[in-house]
Amino acid sequence: MTDAAQAATEKEKVHDEKEPDHHPYFRPKDAATLILVDRGGPTPKVLVGKRHDKVVFMPGKFVFPGGRVDKADHRVPVAASITPELEANLMRGSPKIPASRARSLAIAAIREACEETGLCLGRKAEGAVPKLEGAWKPFSDAGLLPDPSGLFLIARAITPPGRVRRFDTRFFTADASAIAHRVEGVVHADAELVELVWVELGSKPLADLHPMTRNVLNELDKRLATGSLRHDAALPFFHWYGGKMQKDVLN
């Protein structure tokens, strides 16, 4: 294939994968994504899942677990509260959100991770564990309550206007040591995620991530290069203005 033909093919591929951007304005929905990090080796690894080829959104792509915030997320009992530093970070930017909404974002990240990967971030509860239902049942079955105290906020990103699916997503990270329980059988050939892989930062599977997710992962990589994760690091905010992506810092 000639260089010109190759370029044309790649252009068609990009066009086919591009989401429609001509829809009326939709208000973005709150969402949360969790990037689990294993720092046990010389190069940090992150957990990615491969989406089923038949799903509508990003079929066959490697993704991080995440999704929309549920109305019930703020009511779930927890083993420990989010840290004051994380709460303050989640309340940065505009529009201002209440503490309850900040908590819901962190809890949603834990719920989505458990639902999609079977990996549950929790802690043994003091006393009797309340009976939890639905997505939270694996926690109470294991004698756990969700524990958001080890989460760190990495970035915030809003889907461009004109898309049918618009999300105001907060990207969290947590150390793999926070995984307290694994639910077997969640990832399989007919599930939303068909495979889970721990991959080194900079490795090939990460090159095929959604461009915005790669942006966030680059921010995480820079943080990990400086040592331990901290709550006082700069928080990038990716959004679109005038048809172009902007990167601001949340204040």
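In the predicted model, His231 is in contact with Thr83, Glu85, Leu86, Asn89, Leu151 and Phe152, when its neighbours within four places in sequence are left aside. The residue itself lies in the loop between helix H6 (211-225) and strand E11 (236-241). With a relative accessible area of 18%, His231 is buried, because the cut-off for this class is under 20%.

Arg51 is a second residue that counts as buried, and its relative accessible area is 11%. Arg51 is part of strand E2, which covers residues 45-51. The side chain of Arg51 is joined to that of Glu192 by a polar contact of 2.9 Å. Along the chain, Arg51 and Val63 are twelve residues apart, and the C-alpha to C-alpha distance between Arg51 and Val63 is 7.1 Å.

The protein as a whole contains six helices and twelve strands. It has 251 residues, of which 44% count as buried. Contacts between residues at least 6 apart in sequence were also examined, and 68% of these join residues at least 24 apart. The accessible surface of the protein is about 13400 Å², and carbon and sulfur atoms account for 53% of that surface.

Strands of a sheet pair through backbone hydrogen bonds, in either a parallel or an antiparallel manner. In this model, three strands form an open sheet in the order E6-E5-E9, and the pairing is antiparallel. Strands E6 and E9 are at the edges and have a single partner strand each, so one side of each is left without a neighbour in the sheet. On average, and with direction ignored, neighbouring strands of this sheet are turned by 65 degrees against each other. Helix H3 (residues 99-117) packs on the sheet and touches E5 and E6. The direction of H3 makes about 125 degrees with that of E5.

The pairing can be followed at the level of single residues. Strand E5 (residues 119-124) and strand E9 (residues 179-182) run antiparallel and are joined by three bridges. Within this pair, Leu119 of E5 stands opposite Arg182 in E9, and Leu121 has Ile179 as its bridge partner in E9. Strand E6 (residues 144-146) also pairs with E5 in the antiparallel sense, again over three bridges. Here Arg123 stands opposite Leu145 in E6. In a regular strand, the side chains alternate between the two faces of the sheet.

The structure holds one disulfide. It is formed by Cys114 and Cys120, whose sulfur atoms are 2.4 Å apart.

Terms used:
Residues numbered from 1 in each chain as written. Predicted model: local features only at pLDDT ≥ 70, side-chain atom pairs only at ≥ 80, totals over all residues. Heavy atoms only, no water. Disulfide = S-S within 2.5 Å. Pairing = 2+ DSSP bridges. Helix = DSSP H or I, 4+ residues; strand = E, 2+ residues; numbered from the N terminus. Axes fitted to C-alpha atoms, helices over the stretch in contact; angles between N-to-C directions. Contact = heavy atoms within 4.5 Å. Buried < 20%, exposed > 50% of the residue type's maximum accessible area, 1.4 Å probe, protein only. Areas by Shrake-Rupley, 256 points an atom, 1.4 Å probe, with all protein chains shown as cover. Polar contact = N/O pair within 3.5 Å; in protein donor to acceptor, adjacent residues only side chain to side chain.
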